[in-house]
Amino acid sequence: MKRIFSLIFCALFVCTALAGCSNTANSALSASSTAVSSQPSTSSESNAVDSSCQAAESKAPITGDSILDGTYAIDVSSSSSMFHVLECQLTVADGQMTAVMTMSGTGYLYIYPGTGEEAANASQDTYIPFEETSDGLHTFTFPVQALDSELNCAAFSKNKEQWYDRTLVFSSSSLPAEAFAQPQGTSCESLNLADGSYTVEVSLSGGSGRSSVDSPAMLTIKNGLYTVQLDWSSPNYDYMLVGGERYELSDQEGNSSFIIPVLWFDSEIPVVADTIAMSVPHEIEYTLIFDSATIQPAV
């Protein structure tokens with residue numbers, strides 16, 4: 001009987017010890033989680049990537065001195081789907097650019113033009129607070145150093161009370177052609193070409209580098225309007241954006257082909273081509289350069 005009581009006592013002692021270890025581990029894990037939440041976040045929210053932000057590959061940044069003073073609707077992409085911009089107005093004045101972003105939600109109290117770590121160490125008077133519209137939407141006015149360039153933007157969460165790192169890209173391709181300051185290159189008017197059919201060498205940059213366009217391309221001038229037939233090396237593009245306007249396929253068979261305007265020659269023209277080669281349609285930003293020295297009458 002004494003032996004049975006001894007075995008029972010030993011079993012109870014082991015269970016008590018194990019329970020104490022478990023409680024200690026849980027307390028340590030809880031303390032660790034609390035410590036992390038006070039730092040600029042790298043959590044799943046900050047890593048919810050919006051792939052559209054990756055569209056500005058290999059493009060030269062465009063600064064405010066290349067854009068005429070005025071206010072323009074502009075597309076902006078974010079590195080996080082949790083920081084979604086419904087619409088954006090870009091204002092250019094004396095070479096300086098600011099963007100008023102209308103947000104899809106009301107979960108952020110401030111933004112900051114930098115990283116979350118920089119924001120946490122900055123004085124509060126440098127934070128950008130939200131402004132509420134008559135519709136109850138929140139807007140932030142953000143300084144834009146350059147278009148087609150990844151810009152750091154920290155966002156302070158109202159609920160989490162911490163900073164999240166975001167990356168924003170403001171797309172020059174969504175601006176109208178008349179927004180760009182001249183000279184952007186060689187103007188169409190300065191060439192003084194008669195109406196007719198020509199060929200012109202064209203170069204493409206941007207995207208992943210796997211796509212190309214046929215060169216020379218067919219150039220048509222009619223009533224002073226310059227258009228080019230742009231033939232891609234892929235059949236997977238379903239529309240293009242040029243100067244803020246959308247252009248549909250000109251031919252439904254074979255590789256993708258579009259008739260688009262030539263805004264100018266001898267300098268980069270920002271364009272967007274939407275590809276359906278991925279699991280979801282994806283807008284890719286490119287630049288085109290048409291070489292005016294290579295213009296020849298079509299044979």
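Predicted model: local features only at pLDDT ≥ 70, side-chain atom pairs only at ≥ 80, totals over all residues.
Residues are numbered from 1 along each chain as its sequence is written, and side-chain values use heavy atoms, with hydrogens and water left out.

View 1. Helices (H or I, at least four residues) and strands (E, at least two) are DSSP runs, numbered from the N terminus. Of the 299 residues, 38% are buried; buried means under 20% relative accessible area, exposed means over 50%, and partly exposed lies in between (1.4 Å probe, protein chains only). Among contacts (heavy atoms within 4.5 Å) between residues at least 6 apart in sequence, 62% join residues at least 24 apart.

**View 2. Strand 4 pairs with strand 3 and with strand 8.** Two strands pair if DSSP finds at least two bridges between them. Strand 3 and strand 4 (residues 96-103) run antiparallel and are joined by eight bridges, with Thr 91 opposite Thr 98 in strand 4. These two strands form a hairpin with two residues between them. In the turn, Asp 94 has a positive phi of about 55°. Strand 4 also pairs with strand 8 in the antiparallel sense, over six bridges.

**View 3. Glu 87 is found in strand 3 (residues 85-93).** Leaving aside residues up to four places away in sequence, Glu 87 touches Val 100, Met 101 and Thr 102. Glu 87 and Ala 73 are 14 residues apart in sequence, and their C-alpha atoms are 7.7 Å apart in space.

**View 4. The largest nonpolar core has 57 residues.** A nonpolar core is a set of buried Ala, Val, Leu, Ile, Met, Phe, Trp, Tyr and Cys residues joined through side-chain atoms within 4.5 Å. Those with the most contacts inside this core are Phe 83, Met 101, Phe 142, Leu 147 and Phe 170. Strand 18 (residues 282-297) gives the most to the core, with five residues. Apart from it lies another core, of seven residues, including Ala 122 and Trp 163.

**View 5. Asp 148 lies in the loop between strand 8 (138-144) and strand 9 (151-157).** Asp 148 is buried, with a relative accessible area of 3%. A polar contact of 2.5 Å joins the side chains of Asp 148 and Ser 172. A polar contact is a pair of N or O atoms within 3.5 Å; within protein, one must be able to donate a hydrogen and the other to accept it, and residues adjacent in sequence count only if both atoms are side-chain atoms.

**View 6. Eight strands form an open sheet in the order 15-14-17-18-11-12-13-16, with antiparallel pairing.** Strand 15 (245-248) and strand 16 (257-261) stand at the edges with a single partner strand each, so one side of each is left without a neighbour in the sheet. Within this sheet, strand 11 (residues 196-206) and strand 12 (residues 217-222) pair over five bridges, and Gly 196 has Ile 221 as its bridge partner in strand 12.

**View 7. The structure holds one salt bridge.** The side chains of Glu 248 and Arg 246 meet in it at 2.7 Å, N to O. A salt bridge is a side-chain nitrogen of Lys or Arg within 4 Å of a carboxyl oxygen of Asp or Glu. Glu 248 is partly exposed, with a relative accessible area of 46%, and Arg 246 is partly exposed, with 48%.
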